[in-house]
Amino acid sequence: MITRLRVTRILKCLGEMNLEHYKKPFLLHIAKEMFEGYLRACLRSLSMYWLPVLKNKQDREEVKEYIKRIASEEKKVWQSDVCTNIIYLYT
């Protein structure tokens with residue numbers, strides 16, 4: 001089971017260690033896992049805590065777009081509008 005606070009710490013640590021460029025791929029992987037069913041309960045954490053840790057606005061937007069694209073492809077599992085609303089509500 002994933003500990004959400006650990007993910008936040010990992011992301012902050014990457015920034016502190018001057019490894020900012022690893023944050024986006026890490027979040028993209030987490031987003032992919034969310035939609036495959038392993039981390040479904042983490043969408044709110046992703047939008048409230050993890051996306052804002054990305055310093056680069058373009059990276060944040062790319063991760064949001066990736067999430068919206070996956071959400072629209074996985075309509076049988078996720079409601080695309082619910083996903084989009086949560087992402088825009090918290091970021």
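How many helices and strands does the protein have? Counting through the structure gives 5 helices and 0 strands. Bear in mind that what you're looking at is a predicted model. Walk along from the N terminus and the elements run α-α-α-α-α.

Let's start with the overall picture. The protein has 91 residues, and 38% of them count as buried. Now take the contacts between residues at least 6 apart in sequence: 58% of these join residues at least 24 apart.

**How the helices pack**

Two packed helices are described by the angle between their axes and the distance between the axes. Here are two pairs from this model:

| Helix pair | Angle | Axis distance | Handedness of crossing |
|---|---|---|---|
| Helix 1 and helix 2 | about 160 degrees | 10 Å | right-handed |
| Helix 2 and helix 3 | roughly 160 degrees | within 10 Å | left-handed |

What does an angle like that tell you? Angles over 145 degrees count as roughly antiparallel. Helix 1 and helix 2 are therefore roughly antiparallel to each other. On the helix 1 side, the contact is made by V7, I10, L11, L14 and G15, and on the helix 2 side by K23, F26, L27 and I30. Sort those residues by type and you get 7 nonpolar, 1 polar and 1 charged.

Now for the other pair. Helix 2 covers residues 23-36 and helix 3 covers residues 43-50. These two are roughly antiparallel as well, because their angle is over the 145 degree cut-off. Here L27, I30, A31 and M34 of helix 2 meet L43, L46 and W50 of helix 3. This contact has 7 nonpolar residues, with no polar and no charged ones.

**The core**

Some of those names come up again inside the protein. Its largest nonpolar core has 20 residues, and the ones with the most contacts inside it are L27, I30, M34, L46, W50 and I67. Helix 1 (4-16), helix 2, helix 3 and helix 4 (57-73) each supply at least two residues of this core.

**A look at K55**

Is K55 buried or exposed? K55 sits in the loop between helix 3 and helix 4. Its relative accessible area is 63%, so K55 is exposed. Leaving aside residues up to four places away in sequence, K55 touches E20 and R60. K55 and K23 are 32 residues apart along the chain, and their C-alpha atoms are separated by 9.4 Å.

Terms used:
Residues are numbered from 1 along each chain as its sequence is written. This is a predicted model: local features need pLDDT of at least 70, side-chain atom pairs count only at pLDDT 80 or more; totals for chains, interfaces and linings use all residues. Side-chain values use heavy atoms; hydrogens and water are left out. Axes are lines fitted to C-alpha atoms, for helices over the stretch in contact, and angles run from 0 to 180 degrees between N-to-C directions. Helices (H or I, at least four residues) and strands (E, at least two) are DSSP runs, numbered from the N terminus. Angles under 35 degrees count as roughly parallel, over 145 as roughly antiparallel, 65 to 115 as roughly perpendicular and the rest as oblique. A crossing is left-handed if the near helix is turned anticlockwise from the far one by less than a right angle, and right-handed if clockwise. Contact means heavy atoms within 4.5 Å. Ala, Val, Leu, Ile, Met, Phe, Trp, Tyr, Cys and Pro count as nonpolar, Asp, Glu, Lys and Arg as charged, and the others, Gly among them, as polar. A nonpolar core is a set of buried Ala, Val, Leu, Ile, Met, Phe, Trp, Tyr and Cys residues joined through side-chain atoms within 4.5 Å. Buried means under 20% relative accessible area, exposed over 50%, partly exposed in between (1.4 Å probe, protein chains only).
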